[in-house]
Amino acid sequence: MKPMNFRGRWVLITGASSGLGLEMARLLAKEHGAHIIAVARREDRLTALKAELEAAHGVQVLPLAADLSRPGEPARVFEAAMAGRTVDGVILNAGVTFYGMALEQQPESFDAMLATNITSVVRLSQLFAADFVRRGNGGALMLVGSMAGFSPLPYQTAYAATKSFIISFGRGLAHELRKAGVSVTVFAPGGIATEMLSLSGLDRKFKAGDLGIMSAEACARIAVEAFVRRRELAVPGVLNRFLALMMKLLPHALIVGRSAALYEGGLPKGPPAP
Ligand SMILES: NC(=O)c1ccc[n+]([C@@H]2O[C@H](COP(=O)([O-])OP(=O)(O)OC[C@H]3O[C@@H](n4cnc5c(N)ncnc54)[C@H](OP(=O)(O)O)[C@@H]3O)[C@@H](O)[C@H]2O)c1
């Protein structure tokens, strides 16, 4: 597939109020001249992003405050995004995690995680990709997974399972839509120095550069490149790609044990002693 040219075209990004989503929005506006539909709950941040990007890059930004954990919100986002415009690119990046023993995750927290990380992604993928197919002139979708989706990750157990879903769903969808000229990219980063990582307390142990932890800016650059070039799967960074390979080759127990060790002692509320 030919790379996308987003100049003067609309790209929707969920989770555009912070971290990876914010930096992808900045790059797509600055370096690709894309108009941005910015989706997240924190409206004040989306409004600030609109002011920033419109002043600096002469693009248009539509801030769209939405809580994607709520039923009906994906459909409302789709309707609002499509009102009077054509959307050619969609990045489904919003996500939440839970750090701690899986037994301690409260039902509301789990339900919100499932709705945000999985249900909203499936629904928005279906709505936007169906429009891409209907229009018949391409379109690019990117789902933000995680290396946590390649192997079980104790103390982010349910989160890692949601990201396994995203990788499998995205790759299956990529195959189904290829003949229609619609690309689906799965982006699977390792650690990124964002609000999500700081919740774990791991940012007190590690900083960007350690253990393959990337800055949001550096990670966004690789993500945007993969999206524009319409790659099917992208893992950013040489170290992360090496680790992803080791996850396939080394014994399961070794990988899971080493992953768990990262969190043991590092969590704000650590797992109880056995
Ligand atoms: N940080 C890492 O180490 C890491 C590693 C691998 C993959 N990832 C993935 O990368 C993606 C971006 O995460 P990040 O690291 O950039 O974390 P982040 O800074 O916490 O950003 C998460 C984004 O998702 C939005 N969001 C969360 N819940 C939402 C909801 N119910 N409705 C709408 N928007 C919601 C947040 O906006 P509001 O709070 O304003 O709603 C925020 O913009 C996630 O899918 C994450 O799983 C992160």
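Gln 105 is buried, at a relative accessible area of 12%; buried denotes under 20% relative accessible area, with a 1.4 Å probe and protein chains only. The model is predicted, and local features need pLDDT of at least 70, side-chain atom pairs count only at pLDDT 80 or more, and totals for chains, interfaces and linings use all residues. Residues are numbered from 1 along each chain as its sequence is written, and side-chain values use heavy atoms, leaving out hydrogens and water.

The loop between β4 (87-92) and α4 (107-135) holds Gln 105; helices (H or I, at least four residues) and strands (E, at least two) are DSSP runs numbered from the N terminus. Its side chain forms a polar contact with that of Ser 109 at 2.9 Å. Such a contact is a pair of N or O atoms within 3.5 Å; within protein, one must be able to donate a hydrogen and the other to accept it, and residues adjacent in sequence count only if both atoms are side-chain atoms. Leaving aside residues up to four places away in sequence, Gln 105 touches Phe 98, Phe 110, Met 113 and Ala 158, contact meaning heavy atoms within 4.5 Å.

## Ligand shell

The ligand is surrounded by 31 residues, the closest being Arg 41, Arg 42, Asn 93, Tyr 159 and Thr 194; a residue is included if one of its heavy atoms lies within 4 Å.

How values were computed
Buried < 20%, exposed > 50% of the residue type's maximum accessible area, 1.4 Å probe, protein only.
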